[in-house]
Amino acid sequence: MTTEHAHEPQEQTGHTPSGHTRRRFLTGAGTMAGAVALWPAGTARAATGKRVAVLGGGVSGLSAAHELAERGYAVTVLEYYDALGGKARSMPVPGTAAGGRADLPAEHGFRFFPGFYRNLPDTMRRIPVPGNAHGVHDNLVSGTEALFARSGGRADLHFPLRRATTPPRPGDLTPGWIRDQLLSVLELGTRLPAHEAAYFADRVLVHLTSCDARREQQWEKVSWWDFIRAEEMSEEYRTVLGIGQTRNLVATRAEVASTRTVGRVIIEALLLWGLLGRGMDGDADIDRVLNAPTSEAWIDPWETHLRSLGVEFALGTQVREVQYAGGRVTGVRVSDRDGGDERTVTADHYVSALPVEHARGTWGPALRAADPQLARCDALQADWMTGVMFYLRTPTPVVHGHINCLDSPWSVTGVGQAQFWPGRDFSRDYGDGRARDCLSAIISEWDKPGILYGKTAKECTKEEVVAELWAQLKDGLNDAGKTVLRDEDRLGWFMDPAVTGLGGPDPQNREQLLIHPTGTLYNRPTARTRVPNFFLAGDYVRTDVDLATMEGANESARLAVNALLDADNSDAERCEIQELYRPPEMEPLKRIDAVRHRLGLPNTFDLG
């Protein structure tokens, strides 16, 4: 539960319900020298007769495999770990089970399924679960409140997250009405001076009524910090509307985060339209989580379903190089994680679904020369956003939703997990029976000094990170005369073994998160490449959602599959792409802004 169970990545094992073992390859693909076809001669092929190698078994890779298998392609997924799901998976804490229970569950970080996700929920509906009419989708449950915890005796901010039961009628949704609603929320939920609240509401209107061209050509180049003039405002303004909406949510610093991304996804899709119930996944609320550990509730049923569709998995496989010659990808050089058993696998098509920091290392000079957008991916940036699972002796839900410790130097967020798992009794089902809850906490800022040791998270040892993180949680939650977290309740902890070398000269995190500084859009590639049998999927690929999310990963996979179908001249139905909500009431104002933008004039609401 503590560091003795936090193995290095190469030693990690994951929960795999189908009994597959390390380095399990298809017949003929284990030790043969030279080029090895993923489907040897004589093997029955799928309906299309076409074979696809999907590189990576995270959300984007599994989404691509799902769509392809449903359309008759023979698919094999090559995955580095011994378990599927990538950063989305949960993992067992080794050695913690006793008395017939399962190991304690842990994750890279807590899962969050906002109501504006629509592509991923569609996939989840198509993953069967016994007793669930709508498959895995029925395992989503709503958080009803967000807690913005303050330290130093300042009052916490509580935001109800239920969507409006009576959304505005089409004629009501005017800039003036929206401004009034924003001011009402800011007045009730923050301690902002009235003029600062008014200014922020006006800035939201500027972005809301900006045309697409202005967003891409102007606001993509302006940081959220500068757009809302955070430097000129109060500390409360900077903390709540600057840092709290960027670093704490998507790991990107407000000082550099693209206004287009923050404004479009966080402010509009997540908060504004979420509260109004527009553009949502059916009757979803803003905040949703799973009703059990992620792999139990989602990834394991997904794997079972994909296997039933004929998808094969090559686990414990590291992709070394995507090989290119004669205008096409000719194969993929792979090995075991330790570098042994090197070989080449071949297919008709290849979908690279690795995270960008790993994918770009597999693209050689010839492949990069074939499509210049691959080289531009070198400019994309990733950062650390992971944390610690705290196992507690006492149920400690704190709030029925997520916690955002606004004043924490490490931009700490968290959620009490067990309260959302109605079918699980934590002490009965997991560990040795002593733990009754899991508080999942995330560190988004690994490069600022903490409050205990005066060191950054990367400079701390794992034990120091745990102590510092616990102290920052208590600093935010144990104030104003209440004690939420008690030291005697803390039974143990777990950190993702992808994080290594803490406290040493070269700390590493193999599972980073794409961030969105200004100009990121211009370097994001499309799913379709100039190489006719090579496609890209992953949360770094250019999608409508424009944010490193599971929704973006799923959307990119759909785009990649559609491009592959086009390349095959397939008559199969294309994957549906559901884009972010665009309120029709704003379109006339956006058309006016398009004219103003072409003339070099500012947005109508942009008064400086």
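Arg126 and Asp122 form a salt bridge in this predicted model, with 2.8 Å between the closest N and O atoms. Arg126 is partly exposed, at a relative accessible area of 22%, and Asp122 is likewise partly exposed, with a relative accessible area of 22%. Both residues belong to a network of salt bridges that also takes in Glu67, Glu70, Arg71 and Arg558, and the count for salt bridges comes to 44.

**Salt bridges between parts of the chain**

- Asp487 and Lys474 meet through their side chains in a salt bridge, at 2.8 Å from N to O; because Asp487 lies in the loop between α15 and β20 while Lys474 lies in helix α15, the pair ties together parts that are 13 residues apart in sequence.
- Of these two partners, Asp487 is partly exposed with a relative accessible area of 47%, and Lys474 is partly exposed with a relative accessible area of 22%.
- A salt bridge of 3.0 Å, N to O, is formed by the side chains of Arg528 and Asp566; Arg528 lies in the loop between β23 (513-514) and β24 (534-536) and Asp566 in helix α16 (residues 550-567), so this pair ties together parts that are 38 residues apart in sequence.
- Arg528 is partly exposed, having a relative accessible area of 43%, and Asp566 counts as partly exposed at 34% relative accessibility.

- Seven strands make up an open sheet with mixed pairing, in the order β8-β7-β17-β18-β19-β16-β20.
- The edges are held by β8 (157-160) and β20 (490-495), each of which has a single partner strand, so one side of each is left without a neighbour in the sheet.
- From one strand to the next, the twist of this sheet averages 20°.
- Strands β7 (residues 145-149) and β17 (residues 402-405) run parallel and are joined by three bridges, and within this part of the sheet Leu147 has Ile403 of β17 as its bridge partner.
- Helix α15 (residues 462-477) lies across β7, β16 (386-392), β17, β18 (412-416), β19 (437-443) and β20, and runs at about 75° to β16.

**Aromatic pairs and a cluster**

- The whole structure holds 15 aromatic pairs, one of which is the edge-to-face pair of Phe113 and Trp298, with 5.6 Å from centre to centre and 70° between the planes.
- This pair links distant parts of the chain, 185 residues apart, since Phe113 lies in the loop between β5 (105-107) and α2 (119-125) and Trp298 in helix α10 (residues 294-308).
- Phe113 counts as buried at 1% relative accessibility, and Trp298 counts as buried at 0%.
- Phe116 and Tyr117 form an edge-to-face pair as well, with 5.4 Å from centre to centre and 85° between the planes; Phe116 counts as buried at 7% relative accessibility, as does Tyr117 at 4%.
- One aromatic cluster is formed by Phe200, Trp219, Trp224, Phe227 and Tyr237.

**Charges over rings**

- Phe227, a member of that cluster, has the charged end of Arg203 sitting over its ring, 4.3 Å from the ring centre.
- The charged end of Arg490 sits over the ring of Trp470, at 5.4 Å from the centre of that ring.

Notes. Residues numbered from 1 in each chain as written. Predicted model: local features only at pLDDT ≥ 70, side-chain atom pairs only at ≥ 80, totals over all residues. Heavy atoms only, no water. Pairing = 2+ DSSP bridges. Helix = DSSP H or I, 4+ residues; strand = E, 2+ residues; numbered from the N terminus. Axes fitted to C-alpha atoms, helices over the stretch in contact; angles between N-to-C directions. Contact = heavy atoms within 4.5 Å. Phe/Tyr/Trp six-rings, centres within 6.5 Å; stacked < 30°, edge-to-face > 60°. Buried < 20%, exposed > 50% of the residue type's maximum accessible area, 1.4 Å probe, protein only. Lys NZ or Arg CZ within 6 Å of the ring centre and 35° of its normal. Salt bridge = Lys/Arg side-chain N within 4 Å of Asp/Glu carboxyl O.
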